[in-house]
Each structure stands twice: as C-alpha cells, then as structure tokens.
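Take a look at the sequence and the structure first, then read on.

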Amino acid sequence: MSALMDGVVRVERTGRQSIGGVAEFDGHVKLRPPGERYFGCGERTAGLEKTGTRQVFWNVDPPMGHTASFNNLYTSIPFVLCLHEGRAHGVFYDHPGRVELDLAKADPERVTVEAADELEVSVILGPTPADVLRRYTALTGRTPMPPLWALGNQQSRWSYMDAEELLSVAREFRAREIPCDVLYLDIDHMDGFRVFTWDRERFPDPAGLTARLRSEGFRVVVITDPGVKVDPSYALYEEGRSRGFFCLTRDGEEYQNVVWPGLCAFPDFLNPAVREWWGASHAGLVDAGVAGVWCDMNEPAMFVPWHSTMPDDAVHPGGGRPRLHAEVHNAYGSLMAEAARGGLARLRPDARPFVISRAGYAGLQQHALQWTGDNSSWWEHLWMSMPQLQNLGLSGIAWAGVDVGGFFDDCDGELLARWTEFGIFQPFCRNHSAMDTARQEPWAFGEPWESVCRDMLRLRMQLLPYLYTAFEACHRTGAPILRPLLFSYPDDPVTYTADDQFMVGDALLVAPITRPGIEHRHVYLPAGVWAQWWTGERVEGPAHVLAHAPLGQPAIYARCNTPIPLWPALQHTGEVPDSLTWRVFLGPSSGSGPLYEDAGDGYGPGCSRTAHVERVGDNLVRFSLSARSGSFVPPRRETFVEFVGADLLAVERVRLEETGESLVIERVVTTDD
Ligand code: GLC
C-alpha cells in the first residue's frame, strides 16, 4: 500500500490490506462490508445504483443502440463510488484496455476485477462524495472552464447540408426568438468526408459563413472523425502515411478499415508527435472561423464488420514502445480529444478550446466535454438520460449532455417539449437528430410545443449565471453540475435509488416528466425546506410529494433561502445582460448562494461574491452580499433581489445599489413568508 497523493492510496496486488480505515482488500479483491453500495462507473445505460451488477469497460459504438442489457457504451471509466453507512470512498481501476468489474454480483461479499493486463487499483478517500470527486479529479484531471457561449443552447442535425440551410436555421431561431448560441455542421460539410476539408460547392465560403453567423450571435462547430481517407491526393493522408503516423497491422502494414469516407487509415494518437500534427491540422478550421470541434467515431468505430473497432492485435507504433491496440483501446478517444484541444489552444491561444468527444477514458474531462452518442427519440431514452448523466457526473465527467430530442427515429412534439424541459438542465444542451428522421428543431412540430421549447430555453438563459457558477466550482473541485441527490445527501439512503430526478448545483432539484400524456409524478425531496419553482409553494423535506408538472412547468424545486442569480432571458450569450436578479424563495432557515463571473472566455481574472439570507427572528429577513473578491468587474447593470413568499403572487422586487462592496438589506416578512 502506498500513497499516490493526498487521500489516494494504491492497493497492492497481494495480501490483505486495510486502506484508510474504510476499505478492506485481499489483493485486488475488495471485501464488501454488509450494506455497502456502488455507484459511478461512467457512461452506462441502466440506472444509478450498480450494486449486484457486472460492468464491462470497453469502448464500443453499440450495435443495438443504447439498451439496458448492453451496458458499455463509447467511454469507459472504471471508477466506483462506494457508500457505506453514509460515508464515501472511491476505487479507481486504472487500465485503458478491457476491464470487467463484478460489483458483488457473483459473491455479495466481494468486488472483483478482471483485466486483460496489469492494472493499478487506487482507493480514493472521502468521507463525503464531494471529497472523493475532488480527489479523483485531482488525480485524473479537472474540467476546464468552458467559454460562456458553450452554455447557451446548441442546434445540430445530421446534416445541415449547405450554407443556405444553415443560414435559414439561424434565421428561424432569431425570427422566432428562441435562444441559440451554436450551430453544427455534421459530416456532409466535408469534401467526400475527408476530415478538415470543406465541400466547396455546398460551402463555397466557410469564413464568410461563420463571420455572418457570428454577427448574428451564432458560433459554428464542425465534426471531425479520426478515420483519414486513404487517398494519395489528400495531403493529410499522404503526410500521415509518409511520417508513419498511422496504426499498423501486426505484419507492419498500414491498418485500414471502412468508415464514412470509404477506406481509412487511423492516426496513432498514442504518439505525442501525432497529437501535435493532428492538433495543427485544425488550422484551416480555425482560419475559417470555426469555434470548436466535435470528435466523433473515436472508439474508434469502424464499418467492417459493422460496428466494430480496430482489432486487438493492431499496433500503435509510436510514442515510446509499440503497443497493441487491446492494451490501450479505451484511451484512443481521449487521446484524439487531447490532440484537438491542444491544437485549438495553440492555434487560438486567447480562447478557451471547445471540444466534444464521443469516446474516451477516465480523465476525458480534461480535454473535452462528452456527449453520449446515438440515443433514440424514445420516451425510454429520455428517462435513461437522467441516470446516464448522473453516472457520468459521479465519474468525473461533469460537462456532458445527451442529444436533446433523441438521435435515431422520429421525435414528436410532446417528446421534444418534455425532452427540452430536461435538456435545459444538461451542462451541454444540444438538440441533434439523425438523417432521414423527422426534423426536430424547436419549431418543427408547431404549437404548443414550440412555445414550450422557447420558454424552457429562455429559462436556461436566465439560469446562466447560476450554471456558470456551478461550472466554476466543478472546475475547481470536480463537483458534478447535474448530480444525483446522493452526492449531497449520502446519509439518506432513499436518495440512492432516486435516479429519475437530480440536483443542478446546490440549490435546484429537478424531476422531469418522462412519459407521454401525464402531468403528475412522484418526487422525493430530501431534508430541508423546498419551494416549487412555478408556484412558490413550500414543502418541508424529507417528503414524497406528487408534483403537478403541466407542459412548460417541469417539476423544479429550489432550496429555500438560497439565493439564485439570474439574468434576463438573452437570445444568445453575446448580448449583454442589463440586470442581475437574486431570486430568494423565502423559508425558515438560513442559506447562501455564490456567483462567479469573468469575461466569459480567455484566461483573465474572475470575481466571486456570495449572497446570504438569514432569518432574524420571526419577522425579519436579512439579505447580504459579500464584497467582490477577484479583480474582474462585471459590466454595468441593475441588481435586484426578488423575495418570493409562500406563493408567487407575493413576489417583491427590490433594487440594490451595487457597488462591489458588501451590502445588507433587511425586509420585514409575515410569518407565512
Ligand atoms: C455518428 C454520431 C452522430 C453523427 C453521425 C454522422 O452516428 O454519433 O452524432 O450525426 O455519426 O456523423
């Protein structure tokens, strides 16, 4: 047993050992105390709790789509959060090849691991889930601060086929006053699917297109795939081939397989020189004003045989000693994302890189956000999105999102509206759909669905200061943004199975509707006093309640007396908010809420403030705002405090003279407030 870093202890391969007084191991076998329960495990299809299951860690483009019976998807994070009597620790089984964990399924007293190769097992000490996540992300890497625009609404489709189509989508957003910050170009923007190229007939002037969209407040993100078309007249291929940058067969030939462009070669991302080269290859996209890249098919996924990957015995020749693909398979996606991020950072040093990845390994969060690939426009998949994102958040990947509306199959108005009610709380909020499916832009199904989508996306824009603050906390501490209740309430075992509801930051609890035709659902509210977002009605937890959530009013509960910073509903993040409102749902206890602000991009200073609400006796509430710490000065704006009483009719809006110094206001309340 040896300490890797503060609070992280390596487990020896042999002998009995007690680690940190919280975990017993016999070699790499973890001995399970009665009642210990397991969570995390990265991107999964099933629910939140993993006790009594077998988990496979091997990146795939799943042949049957996302199903509960096939539990490994595009990323693998062999990390388990263990909870025992309210205390947490984590176990990280570090190996980028195939890993299988038996979490007390075969034997209720043991957690066993199988790996194709040597692996390192580390215990990450708690005692709270937040402590575990802080230490786990100190070990594997933290989520970088995203540019503010990346928190805005994003719209994609496989594919917007030409410049005119993209412009018309942009026009619709603005004409219909539906907020949107980012538009996507899928594979059809390329010349014969050759990565880093443009189809010049359909996109004759990429720089002109992005500049025009930029002037209307839109960024453009394009897809990149690792498969490089085998074509001697294609400079990227020729350069990669001549420099020995592609993976090989065991006989030393270039390894080739079919993806979108036809026969492709696959960069050996293990080699730092290849990552450098790949990163530099983004220059044309950056010159064309592209704001970020979306790394797809990087399991890597291949078409022969259908839904396969590189064979186990393919060789990664560079980067030190040659490695068999089987040894490093799960790392391929992370390494591609690392290459992209590095390239964007070097090419545009003043901007925070924006990289999406489908595949990856533990630590992917340092390089990219993760979107969860090809779900379907099914109610079941809307439900599944909740545990999926909570599992990722508990495994270090806080910046994540599923395709809002679902990718495969046809969406419909009600499903899109309900999915958008959920999607606005995803750290990454993007609507995306597959070729030959029903169009699913927010207006695609007419009214009343369009208005619901608009209202929800406007609410997301209002919540931006709150979300951005949660991102900053995540960046510093690894705390998930969309998180399970058990993250904050590990002492309350009812939260362990509450996988169809979640917290966003510390103050909001959200319980989406995930069935058609209904507008009521069960919600569990843990200890504390909560206010229903739309009515102000107060509920004291712990309590099981039946929430009424008609269309456009998803079940959202705010922690009382915890101030929530809101902006006006901007159309895009390029607009400057002219006000900041602290909304306080009044309640009996005291609370506080932070606000972090900076320029929204780049690496300049930020500033933080904390608002406190204190109940002083029965009839007085004291709201105080700490002095600004940090040298960033937000643009001039009006500041308000909005006190919401036990019903929304009792809202009182107070204007504050904001100076950046600390200030206190007091308000007389009735005992009902
Ligand atoms: C993959 C991606 C999907 C994309 C499609 C075409 O299926 O997961 O999002 O639209 O490829 O590029």
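**The ligand and its surroundings**

The shell of residues around the ligand is made up of seven nonpolar, one polar and four charged residues. Here Ala, Val, Leu, Ile, Met, Phe, Trp, Tyr, Cys and Pro count as nonpolar, Asp, Glu, Lys and Arg as charged, and the others, Gly among them, as polar. This is a predicted model, in which local features need pLDDT of at least 70, side-chain atom pairs count only at pLDDT 80 or more, and totals for chains, interfaces and linings use all residues. Residues are numbered from 1 along each chain as its sequence is written, and side-chain values use heavy atoms, with hydrogens and water left out.

- The shell consists of Trp158, Asp186, Ile187, Ile223, Trp260, Trp294, Asp296, Arg358, Trp371, Asp374, Phe407 and His432; a residue belongs to it if one of its heavy atoms lies within 4 Å of the ligand.
- An N or O atom in the side chain of Asp374 is 2.5 Å from a ligand oxygen, and for Asp296 the distance is 3.0 Å.
- His432 has a polar side-chain atom 2.9 Å from an oxygen atom of the ligand.
- On its own the ligand would expose 310 Å², and the protein buries 97% of that (areas come from the Shrake-Rupley method with a 1.4 Å probe; for residues, only the protein chains shown count as cover).

**The whole chain**

- The protein chain has 13 helices and 42 strands; these are DSSP runs (helices H or I, at least four residues; strands E, at least two), numbered from the N terminus.
- Its radius of gyration is 25 Å, close to the 26 Å that the globule rule gives for 673 residues, so the chain is as compact as a globular protein of that length. The radius is taken over C-alpha atoms, and the rule is 2.2 Å times the number of residues to the power 0.38.
- Of the 673 residues in the protein chain, 63% are buried (buried means under 20% relative accessible area, exposed over 50%, partly exposed in between; 1.4 Å probe, protein chains only).

**Helix H10**

- How many of the 11 residues of helix H10 are buried? The count is 10, so this helix (residues 413-423) is largely enclosed by the rest of the structure.
- Among the elements covering its buried residues are helix H9 (379-393) and helix H11 (449-462), where contact means heavy atoms within 4.5 Å.
- At the start of H10, a side-chain oxygen of Asp412 comes to within 3.1 Å of the backbone nitrogen of Glu414.

**Backbone details to look for**

- Most residues other than glycine have a negative phi, and most peptide bonds are trans.
- Glu299 and Pro300 are joined by a cis peptide bond with omega about -5°, and Pro300 sits in the loop between strand E20 (292-295) and strand E21 (315-316).
- Another cis bond runs from Glu447 to Pro448, with omega near 5°.
- Ala104 has a positive phi, near 60°, and is buried at 8% relative accessibility.
- Asp409 also has a positive phi, near 70°, but this residue is partly exposed, with a relative accessible area of 40%.

How values were computed: Polar contact = N/O pair within 3.5 Å; in protein donor to acceptor, adjacent residues only side chain to side chain.
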